[in-house]
Amino acid sequence: MNHSGPAVTTVPRFEELAAPSHWRTVEFISDLHLQASEPATVAAWQHYLATTEADALFILGDLFEVWVGDDAIAETGSFEAEGCAALRAAAQRLPVYFMHGNRDFLAGPAFLAQCGITGLADPTVLTFAGQRFVLSHGDLLCLDDVEYQRFRLQARSAEWQQQFLAQPLATRRAQARGIRQESEARKQSGVTYADVDGPAAIAWLQAAQANTLVHGHTHRPADHQLASNLQRVVLSDWDAAAFPPRAEILRLSRAGLERQPLAPKYERS
Ligand code: MN
């Protein structure tokens with residue numbers, strides 16, 4: 001129980017992943033929020049998957065705008081089936097790691113298996129070229145969003161998920177549409193969203209004995225120096241139809257981290 005005094009930052013357990021020595025480059029993406037109504041972003045993503053020369057791909061959450069259950073993949077011609085096929089083709093060329101976001105947290109073991117990709121716990125420490133990187137979607141660190149943190153706790157429980165998934169697929173799709181409309185309305189109202197909590201990010205890095213936190217979720221791409229040797233690198237969201245288009249890959253090599261913009265082909269002329 002929490003008594004008086006300053007708020008205590010809870011540091012989660014970190015999974016560990018050591019990059020094999022033959023990996024020369026790994027790439028990070030997040031927050032594509034893929035949906036059938038955004039075909040330009042879907043096309044940009046498919047092109048990226050088919051052409052990336054990275055040795056491994058890390059998807060750090062909110063690849064899909066919504067995920068209503070793995071059984072959606074089996075629906076002929078569904079958006080989920082199409083997305084899974086693109087992931088499966090990529091996974092034949094390079095290892096693909098998938099971390100849940102707050103939109104696609106219901107993507108389950110059947111999704112991973114059918115797409116041939118590997119689930120990644122949030123947070124995970126990736127060791128690459130002797131350096132430790134904390135990988136997270138980032139929502140857990142937005143401590144000021146109390147209402148969301150409460151929902152997150154509930155929605156990640158087995159009971160809530162079983163109850164939601166027990167409903168017919170069409171019902172789940174309708175519910176997801178309702179939630180999305182609410183969230184769009186909230187966005188239009190100009191509400192400002194909570195950002196990652198600085199002290200909490202530092203606490204995570206210190207506990208993980210890492211220097212760099214890589215995360216998405218906030219849609220505020222930037223590099224933040226948290227302390228002399230600690231940094232927070234925020235991934236961009238994707239919107240290929242925006243002007244200028246937003247879509248960026250974060251590439252890690254022995255030279256360090258580098259932001260790579262979307263291929264020119266997808267930039268509006
Ligand atoms: Mn998110």
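Helices (DSSP runs of H or I, at least four residues) and strands (runs of E, at least two) are numbered from the N terminus. The model is predicted, so that local features need pLDDT of at least 70 and side-chain atom pairs count only at pLDDT 80 or more, while totals for chains, interfaces and linings use all residues. Residues are numbered from 1 along each chain as its sequence is written, and side-chain values use heavy atoms, with hydrogens and water left out.

**Exercise 1.** Work out which strands stand at the edges of the open sheet of six strands.

*Solution.* Begin with the order, which is β1-β6-β7-β8-β10-β9, with mixed pairing, where two strands pair if DSSP finds at least two bridges between them. β1 (15-18) and β9 (222-227) each have a single partner strand, so one side of each is left without a neighbour in the sheet. Further in, β8 (residues 212-215) and β10 (residues 230-234) run parallel and are joined by four bridges, with leucine 213 opposite arginine 232 in β10.

**Exercise 2.** Find which residues of helix α7 (residues 198-208) are buried, and what they pack against.

*Solution.* Taking buried as under 20% relative accessible area and exposed as over 50% (1.4 Å probe, protein chains only), the buried residues are Ala200, Ala201, Trp204, Leu205 and Ala208. They cover an arc of only 135 degrees around the axis (by directions from the helix axis to the C-beta atoms), which puts them on the same side of α7. With contact meaning heavy atoms within 4.5 Å, these buried residues pack against β6 (124-128), β7 (131-136), β8, β9 and β10. The face turned away from the buried side carries the exposed residues Pro199 and Gln206.
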